[in-house]
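Please read the following note beside the sequence and the model.

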Protein chains: 2
Amino acid sequence: MAKKATTPKFERIAPDERRARLIEASIACLAKGGIQGFTVDNICHEAGTSRGLITHHFGSKNALLAALYASIYVKVLENLDRAEATPQSIDELVDMMFADTFLSRDYLNVWLALWGEIAVNPTLQVEHRKNYALYRERIARAISAFARGKGVKVDSYDIATILISLVDGLWLEQCIDQSLLSLERAKDLCRRTLAAVLTATN
Amino acid sequence: MAKKATTPKFERIAPDERRARLIEASIACLAKGGIQGFTVDNICHEAGTSRGLITHHFGSKNALLAALYASIYVKVLENLDRAEATPQSIDELVDMMFADTFLSRDYLNVWLALWGEIAVNPTLQVEHRKNYALYRERIARAISAFARGKGVKVDSYDIATILISLVDGLWLEQCIDQSLLSLERAKDLCRRTLAAVLTATN
DNA sequence: CTCACTGTTGAACGATTGTATAGTAAAACG
DNA sequence: CGTTTTACTATACAATCGTTCAACAGTGAG
């Protein structure tokens, strides 16, 4: 036997990178099995680590869930910023609303689990309040810019709230059963509603 | 010791009645702790029975959840039938949408849990498809009747889909954090949107 | 009253839950 | 190279999970 050329028994990486991987694995588990699939066993198996790492890096499973929520909203806001600042048409505006990766059907169970937790967990509630305000802020700005371009004066915050709720509702119904409502028809109905609301405040 | 006047050790009631009570207890558990609170221990403690009864009356916990879902939708449709057939104003129509007991904040976790299950469980998916169709049917009829009264011609199914989604979305946001959106403001935004959509198709 | 029926109990089962912890090993530093 | 640090593994733990099952007991029929 010459030199020891054995492969390392485990990969030792920076804590931030490990945390990111555990969050990613957790999202996959949530997507697959909802909050019931969000177990230490599932997550660590998905991440390819042993079960001790969640406690080591997050302190508890609940803390991991909170970190997961924060991480998702960071990305949602980033994606929004990457999108065009001022949509030129209602089509563009609606597309922007539906564009986000996290509004894919795969994430239905993720959002359902998070919403359920937010309603119960005070820490997440505070986090949500902040994030939702930021989210609505940007949507309102986009609406405001779009309306100004058309020479229309609107209450952008009200319309942003309507639009967000409508998109959430349509997305939800479409996720739950696509045969009842396709994504394309959901967008269509959204465009139609938005057009009506924008001209009504003319 | 004279006659035996001991209180019975348990209450022996008709299977249907027992099933109803177990479903009621299950709803309470779901409301309190989401799908994580939906455990045999919790449910039977809430219902005041021993743990064997769920298997005996439903076969399994999952079957109980399916029965619960069916039971809720029966009541939702009943409530809708009890409501005025043809709303005379947009206010009445919107009030009708928000009126249902099951759109109380207490039921947020119940719906989140059920939606998560529907998306996964094929049996519930079939059940949902049927129920949602019935639900939309009645909403569409109400819209149609209302519009006819106003002398307006509308595509009542499209508008029903929009209205249901909007109500769901607004209700959701309002449940998750009331400080971001109150119920009264949600109704207000709903009225405004509905009015705009109805006049736009004029 | 006696018997059959069955709604109901409660203990027991193995599997799985989240966390604590002792020990291992990879990487950084001198 | 040797030492220190700490990311990491792996086991153990009590608690709880859903389900099974044998025995109990309330109720109506005969």
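1. The radius of gyration is taken over C-alpha atoms, and the globule rule is 2.2 Å times the number of residues to the power 0.38. For chain A, with 202 residues, a compact globule would have a value near 17 Å, but the chain has 21 Å. The C-alpha trace of chain A spans about 80 × 35 × 35 Å along its principal axes.

2. Some conventions are needed here. This is a predicted model, in which local features need pLDDT of at least 70 and side-chain atom pairs count only at pLDDT 80 or more, while totals for chains, interfaces and linings use all residues. Residues are numbered from 1 along each chain as its sequence is written, and chains are lettered from A and ligands numbered from 1 in the order in which they are written.

3. Chain A has nine helices and zero strands; helices (H or I, at least four residues) and strands (E, at least two) are DSSP runs, numbered from the N terminus. Along the sequence the pattern is α-α-α-α-α-α-α-α-α. Two residues are in contact if their C-beta atoms, placed from the backbone, lie within 7 Å. Of the contacts in chain A between residues at least 6 apart in sequence, 59% join residues at least 24 apart.

4. A residue is buried if 20 or more other C-beta atoms lie within 10 Å of its own, exposed if 12 or fewer, and partly exposed in between, with C-beta atoms placed from the backbone. In chain A, buried residues make up 34% of the 202 residues.

5. Where does helix 1 of chain A bend? The bend, by about 90 degrees, is at Ala31(A); such a bend is the angle between axes fitted to the seven residues ending there and the seven starting there. The expected span of a helix is 1.5 Å times one less than its number of residues. Helix 1 of chain A, with 23 residues, would reach 33 Å if straight, but its end C-alpha atoms are only 24 Å apart. Its buried residues include Leu22(A), Ile23(A), Leu30(A) and Gly34(A). Among the elements covering the buried residues of helix 1 of chain A are helix 2 and helix 3 of chain A, and also helix 1 and helix 6 of chain B.

6. Helix 7 of chain B has 29 residues and should span 42 Å at 1.5 Å a residue, which agrees with the 42 Å between its end C-alpha atoms. Among its buried residues are Leu124(B), His128(B), Ile139(B) and Phe146(B). The buried residues of this helix pack against helix 8 of chain A together with helix 4, helix 5, helix 6 and helix 8 of chain B. Gly151(B) follows helix 7 of chain B and has a positive phi, near 75 degrees.

7. Leaving aside neighbours within four places in sequence, Leu112(A) is in contact with Gly34(A), Leu112(B), Trp115(B) and Gly116(B).

8. Two residues of chain B provide a contrast. Val152(B) is found in the loop between helix 7 and helix 8 of chain B and counts as exposed, because it has 12 C-beta neighbours inside 10 Å. Glu11(B) lies in the segment before helix 1 of chain B and counts as exposed, with 10 C-beta neighbours inside 10 Å. The C-alpha atoms of Glu11(B) and Thr49(B) are 9.1 Å apart, although the two residues are 38 apart in sequence.

9. The contact between the chains takes 37 residues from chain B and 37 residues from chain A. On the side of chain B that touches chain A, helix 8 of chain B gives the most, with 12 residues. The residues of that side divide into 20 nonpolar, 12 polar and five charged; Ala, Val, Leu, Ile, Met, Phe, Trp, Tyr, Cys and Pro count as nonpolar, Asp, Glu, Lys and Arg as charged, and the others, Gly among them, as polar.

10. A residue is near a strand if its C-beta atom, placed from the backbone, lies within 6 Å of it. Of the 25 residues around DNA strand D, Ser50(A), Gly52(A), Thr39(B), Ser60(B) and Lys61(B) come nearest. Of the 25 residues around DNA strand C, the nearest are Val40(A), Ser60(A), Lys61(A), Phe10(B) and Gly52(B). The surface near DNA strand C has seven nonpolar, nine polar and nine charged residues.
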